[in-house]
Amino acid sequence: MEWITALSEQYGYIVLLLGLFAESLALPFPGELAMAVFGHLTSLGSLHLPVVMLYSYGGALAGTMLTYYLGYRLGTPFFDKYGKFFLLNAKRIEKVSSWFAKYGDKIILISYFVPGLRHFTGYVSGMLKVRFTTLLIYNGLGGALWVTLYVMIGKLFGHRIGELLHQISQYSAAAVAGLAVLLIAAFVVKQKKTAITKWLGRNL
C-alpha cells in the first residue's frame, strides 16, 4: 500500500491509467488495491475523485479493448500455440470459453468481479467473435461498476482498505454489485445531506 501511495505522489493519476491498462493485459498490478488507495487520497484532498475514476476507467477499458482486438485478429489457433506468452494457456481458454457457453455474453458484465476472468475476457471475447458493440456495452457497464466500487471503498473506508478488500473477495459478483450501489447511494446522501433534509422538511 505504501508503494502505491509513493507512486501516486511521484507520478499522479497516470499510475492508475497505465497500471489498470497493464492489469487488463494480465500483467501483474494490484488494480483493486490501487483504486482503493487513490480513493482514500481523494478523501484527504490530495487527488480529485472524478479524475481518479476517469483514469481508472480509461485504463481498464482500453486494456480490454486491446485484448479483444488481439483475440479477434489472431484467433484461437494463435493463442493455442503462443498463449503461454500472454499467460493464456489452452486450459484457461477452454475454461473461460465454457463460461461464455454457459452464461452467454452477459458474463462480460460481471467479469471484473470474478478472479481469473477479467484479465482474459477481452482475449476470449475476440476469439469467440463477440460483437464489438456487445463487448463495449457489457464491459463498459461492468468496468464502471468495478471502478466505482473500489474507489469509493477507499474514499469512505480508507483506514480499513485491507480488511474490506479481503471481505469483498469472498462474495459473489451479485453481492459486490449490490454493495457498489449502496456505496454510491451513501456517498450521494452524505454530499447532499442538507438538500435532502430541506426537501423532506417541505414534503413531510
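At what angle do H2 and helix H3 (residues 31-43) pack, and how far apart are their axes? In this predicted model, the two helices pack at about 160°, and their axes lie 10 Å apart. Angles over 145 degrees count as roughly antiparallel, and H2 and H3 are therefore roughly antiparallel to each other. Their crossing is left-handed. On the H2 side, the contact is formed by Val15, Leu16, Leu20 and Glu23, and on the H3 side by Gly31, Ala34, Met35 and Phe38. By residue class, the contact of H2 with H3 comprises 6 nonpolar residues, 1 polar and 1 charged.

The crossing in which H2 passes H4 is right-handed. H2 contributes Ile14, Leu16, Leu17, Leu20, Phe21 and Ser24 to the contact. From H4, the contact residues are Val52, Tyr55, Ser56, Gly58, Gly59, Ala60, Ala62, Gly63, Thr64, Leu66 and Thr67. The contact of H2 with H4 contains 10 nonpolar and 7 polar residues, with no charged residue.

Leu16 and Leu20 of H2 take part in the contact with H3 and also in the contact with H4. Glu23 of H2 is listed in the contact with H3, while Ser24 of H2 is listed in the contact with H4.

Technical notes:
Residues are numbered from 1 along each chain as its sequence is written. This is a predicted model: local features need pLDDT of at least 70, side-chain atom pairs count only at pLDDT 80 or more; totals for chains, interfaces and linings use all residues. Side-chain values use heavy atoms; hydrogens and water are left out. A crossing is left-handed if the near helix is turned anticlockwise from the far one by less than a right angle, and right-handed if clockwise. Helices (H or I, at least four residues) and strands (E, at least two) are DSSP runs, numbered from the N terminus. Contact means heavy atoms within 4.5 Å. Ala, Val, Leu, Ile, Met, Phe, Trp, Tyr, Cys and Pro count as nonpolar, Asp, Glu, Lys and Arg as charged, and the others, Gly among them, as polar. Axes are lines fitted to C-alpha atoms, for helices over the stretch in contact, and angles run from 0 to 180 degrees between N-to-C directions. Angles under 35 degrees count as roughly parallel, over 145 as roughly antiparallel, 65 to 115 as roughly perpendicular and the rest as oblique.
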